[in-house]
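Please open the model in your viewer and keep the selection panel at hand. The stops below are meant to be followed in order.

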Amino acid sequence: MKAKKGFKIRKVCGQNLIVAEGKENIDFTSIISMNESAALLWNEIQDKEFTAETLAKILMDNYQLDDTTPLPHSQALEDAECTIKDWKKAGIIEA
Amino acid sequence: MFSLRVDDQTKPWPKDKRERIRVFDTGNGDTIVDLLDNGGYQYIIKDIHGRECCLLITNKDFSQCQCALNGNNTMRKFGLNNALMLVFAFASSYRDTLLVHASLVRNNGWGYPFIAKSGTGKSTQVSMWLRYIPGSDLMNDDNPIIRIIEDNVYIYGSPWSGKTPCYRKVKARLGAITRIDRAKVNSIEKLSPIDAFASFLPSCSSMKWDSDIFDHICNTIGKIIEHVPVYTLHCLPNQEAAEICYQEIHINNGHGRN
């Protein structure tokens, strides 16, 4: 799957917001807010094909449970699948 | 900021060198927007009876524009007025400025715009202020202008004021932005930054399909809500609503002190 065009993140008062733009999104009036990790994922997968595994890898590269414990793959994958579900519901990714 | 030349000989852009963006129903008639092959735009502005009143050709940043007007005097006036509004809204977007859809009241040097879809009761709320809140006056009833100058946010009257003729060259500090929501009981709530952005954006003249202009407009809105509180007033059209609102957005924000 990949990110639809015209959904870029803007910083508004320190928050990550997505405001749809472009001719194809004239009727997309929702505004989406993302937390830091979702925003990181969203920026990383712009203009490329991705799967839940892609997102899980980005999470594992960027987050750990504490200084010595890496993020377990199973947890990263679960978070990734959750995120993809949210993005599908928001209508900002396509197959 | 921009030049607009009226030349009735202006011709539509060749059909094969423009693409349709959309036909917009403005409430006062359709406006047909095309993107030109040179990055500029063509607008055909129709009145409520579907008559073409104005053909407007602009460059990409709306700094150079020309238009042809058509029909009787009323139609030509309508066409020119709308062309000026469009060109102003988008040319000024490059200068930390927004044209907004609001009814605007002033009190003690502060401007308080009320936003909402047409027919919700913006003007009604303002008329409650004029009647019951001492020291209030009407700055504009439909399309005021907001501008940021060195981190200070100001709101202005404009040459466009909807059905109420109120064309004033006046300026005030922007005190608060308030969305009107009809309710059975009066109350007022302050919005979080995200809700503030989402509430205010639809009331600003913008064009989603031009990413430069849209970027400027979103950035300007972001800066405004960093400095100015945004509220939703759940209200009836009565005196108490104006008093509750005045207490919260004027007194509680310290605007009553000179």
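**Before selecting anything**

This is a predicted model, in which local features need pLDDT of at least 70 and side-chain atom pairs count only at pLDDT 80 or more, while totals for chains, interfaces and linings use all residues. Residues are numbered from 1 along each chain as its sequence is written, and chains are lettered from A and ligands numbered from 1 in the order in which they are written.

**Stop 1: chain A**

Select chain A, whose C-alpha trace spans about 45 × 30 × 20 Å along its principal axes. Coloured by secondary structure, chain A shows three helices and five strands, where helices (H or I, at least four residues) and strands (E, at least two) are DSSP runs numbered from the N terminus. Read from the N terminus on, these elements run β-β-β-β-α-α-α-β. Of the 95 residues in chain A, 22% are buried; a residue is buried if 20 or more other C-beta atoms, placed from the backbone, lie within 10 Å of its own, exposed if 12 or fewer, and partly exposed in between.

**Stop 2: helix H2 of chain A**

Now select residues 52–62 of chain A, which form helix H2, and highlight its buried residues, A:Leu55, A:Ala56 and A:Leu59. Why do they lie on the same side of H2(A)? They cover an arc of only 100° around the axis, the arc being that of the directions from the helix axis to the C-beta atoms.

**Stop 3: where chain A touches chain B**

Show both chains and select the residues in contact, meaning that their C-beta atoms, placed from the backbone, lie within 7 Å: 13 residues of chain A are in contact with 14 residues of chain B. On the side of chain A, the elements that give two or more residues are strand S2 (9–12), strand S3 (15–19) and strand S4 (31–34), and S3(A) has the largest share, with three residues. That side divides into six nonpolar, four polar and three charged residues, where Ala, Val, Leu, Ile, Met, Phe, Trp, Tyr, Cys and Pro count as nonpolar, Asp, Glu, Lys and Arg as charged, and the others, Gly among them, as polar.

**Stop 4**

**Stop 5: a sheet of chain B**

Which order do the strands of the six-stranded open sheet of chain B have? The order is S1-S6-S5-S4-S3-S2, with mixed pairing, two strands being paired if DSSP finds at least two bridges between them. Within chain B, select strand S4 (residues 41–46) and strand S5 (residues 52–58), which run antiparallel and are joined by six bridges; B:Ile45 has B:Cys54 in S5(B) as its bridge partner.

**Last stop: B:Ser3**

Finish at B:Ser3, in strand S1 (residues 3–6) of chain B, which is exposed, with 10 other C-beta atoms within 10 Å. Leaving aside its neighbours within four places in sequence, B:Ser3 is in contact with B:Gln64 and B:Cys65.

Key. Contact = placed C-beta atoms within 7 Å.
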